[in-house]
Amino acid sequence: MDQKYKNQQQHSLQLKLIRKGMLLLLLSLLACQAEEKTSTNTNNLGKVKEETNLNLQNATLEQSDADGKLLWKIQVDEAKYSPDREKATLTAVKGNIFEKGTLVLQIKADYGEIQGNGTKIFLRNNVLAIDPRNQIVIRSEEIEWQPQELLLTMRKNLRGFHPELEVSANEGKYYTDKQKFELEGQIEAISEHKKIKMTTEHLFWEIQKQMVTSNQLSNIARFKDDVITANLIAQKAVIHLNKQHILVKDNVEYKSIQPPLQVSANAILWNYKTRQIFSDQPVQLVQYEDNITLIGNKAHVDLNNNIAYLKGKVQGLNKNNKSTLQANNLTWYIIDQNIEAVGSVFYHQDENPRFTLAGDKANGSLKENTIIVTNSDKEKRVVTEFFTDSK
């Protein structure tokens, strides 16, 4: 009995030990599984974190259109992407911008930013853009490129350099498909070799057409050896850089320093290289030092030779002695003030002696009141009429 009881006790103890071992084994297995699961979750969190803070070093970024044609391709020292990949900040940017597969801009900047999944690119600090098609060089502190609009917008201290023209403005736009500039705010445009300087508030510069236009009040100065020789003010201006002439309209005022001459008209064409002025509208010429004025329906002023040609209802006036001359056509030698008038000539002197002369031709000086009137037909006499002051 005692031996049998002992055997039963031993068997019961062994079962307890086995059960305890199995329980420890089961707990160990569960602990391993939990640790493995925790390790797996930790790895997943690391991957999410890595994707959220995507940073690229010494990277090349590019964007293509729906047809697979390259829109832009840039190199950066560093690119930091936002979690949704819609935005990236860039450092040390340089690269190329394309239009239908053609390179239209080479760009460079200290900093940049990509927005809208590549639909906009912002560049800041020491921004440089070059159009290799026409050699225009653009500098600004801030530039925005919109590939879909083919538009480069410049802000802050815009400067443009080209073999034909240098410009500066508060801000501007460059339409790459048209190779056309639009500038706004405190604009200064200087032609090659500083021959012409234009200041205005708004203008268009079409590089391929070599044409600058402005519909706002413009001041245009002509230089020779850094000295202003003439100044022009007008409401509208079109400069043809290849022809070196300017067409101006609306309230035109032109002033030459030497010779001292002022030209006023509603429209004139000025060749600033040859110093020729043309107007087919009523025009007024004033030699402002001697107070001599000439008016005509049309005029051609040759300042290289100091001669003015007027046509159509010409009038000459010496305001100092109130003498006047009328004719169909007149040639004026600006320096010595001599005139040659032809056709329906009428001269009136208002100071003593007061008289009038009428004939076909006249020559002499309006300044000195030495006008001689003649007739081409010798049988016709010059009509002379004297007036006496009434008491």
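**Strands, core and cavity in a predicted model**

Phe98 lies in strand 3, which covers residues 88-99; strands (E, at least two residues) and helices (H or I, at least four) are DSSP runs numbered from the N terminus. The model is a predicted one, in which local features need pLDDT of at least 70 and side-chain atom pairs count only at pLDDT 80 or more, while totals for chains, interfaces and linings use all residues. Residues are numbered from 1 along each chain as its sequence is written, and side-chain values use heavy atoms, with hydrogens and water left out.

Phe98 has a relative accessible area of 16% and is therefore buried; buried means under 20% relative accessible area, exposed over 50%, and partly exposed in between (1.4 Å probe, protein chains only). Residues up to four places away in sequence aside, Phe98 touches Leu70, Leu71, Trp72, Lys73, Leu103 and Val104, where contact means heavy atoms within 4.5 Å. Pro147 is 49 residues from Phe98 along the chain, and the C-alpha atoms of the two are separated by 8.5 Å.

The protein as a whole contains one helix and 26 strands. It has 391 residues, of which 40% count as buried. Among contacts with a separation of 6 or more, 36% are between residues 24 or more positions apart. The accessible surface is about 22,700 Å², and carbon and sulfur atoms account for 49% of this area; accessible areas come from the Shrake-Rupley method with a 1.4 Å probe, and for residues only the protein chains shown count as cover.

The largest nonpolar core has 84 residues, and those touching the most other members are Ile138, Trp205, Trp270, Leu285 and Trp332. Such a core is a set of buried Ala, Val, Leu, Ile, Met, Phe, Trp, Tyr and Cys residues joined through side-chain atoms within 4.5 Å. In soluble globular proteins, nonpolar side chains tend to be buried together. Beyond its neighbours within four places in sequence, Trp332 is in contact with Leu261, Leu285, Gln287, Ile292, Leu294, Asn306, Ile307, Ala308, Gln337, Asn338 and Ile339.

One cavity of 30 Å³ or more was found in a search of the whole structure. On a 1 Å grid over the protein atoms alone, a cavity is a set of points where a 1.4 Å probe fits but cannot get out, and lining residues have an atom within 4 Å of a point. The largest cavity has a volume of about 50 Å³, a volume being the space filled by probe spheres set on the points, which are joined across faces, edges and corners. Its lining consists of Leu165, Ala189, Ser191, Ile196, Met198, Val212, Ile239, Leu241 and Tyr272. Strand 9 (180-191) and strand 10 (196-206) each contribute at least two residues to this lining. By class, eight of the lining residues are nonpolar, one is polar and none is charged; Ala, Val, Leu, Ile, Met, Phe, Trp, Tyr, Cys and Pro count as nonpolar, Asp, Glu, Lys and Arg as charged, and the others, Gly among them, as polar.

Ile239, one of the lining residues, is placed in strand 14 (residues 236-240). With a relative accessibility of 5%, Ile239 counts as buried. Its contacts, apart from neighbours within four places in sequence, are Met198, Gln210, Met211, Val212, Ile220, His245, Ile246 and Tyr272. Gln210 is 29 residues from Ile239 in sequence, at a C-alpha to C-alpha distance of 8.3 Å.

Several backbone features were also identified. Most residues other than glycine have a negative phi, and most peptide bonds are trans. A cis peptide bond, with omega about 5°, joins Gln258 and Pro259. Pro259 is placed in the loop between strand 15 (245-256) and strand 16 (261-271). Arg275, in the loop between strand 16 and strand 17 (276-279), has both Gln258 and Pro259 among its contacts, together with others including Arg222, Ser256 and Trp270. Arg275 is buried, at 14% relative accessibility.

Leu150 and Asn251 are not glycines, yet Leu150 has a positive phi of about 55°, as does Asn251. Leu150 is in the loop between strand 6 (136-146) and strand 7 (151-161) and is partly exposed at 22% relative accessibility. Asn251 lies in strand 15 and is exposed at 60%. Leu150 is also one of the contacts of Thr176, others being Glu99, Val104, Leu105, Arg133 and Trp145. Thr176 is located in the loop between strand 8 (165-175) and strand 9, and its relative accessibility of 0% makes it buried.

Definitions and conventions. 1 Å grid on protein atoms, 1.4 Å probe; cavity = no way out; pocket = protein on both sides within 12 Å on 5 of 7 lines; lining within 4 Å.
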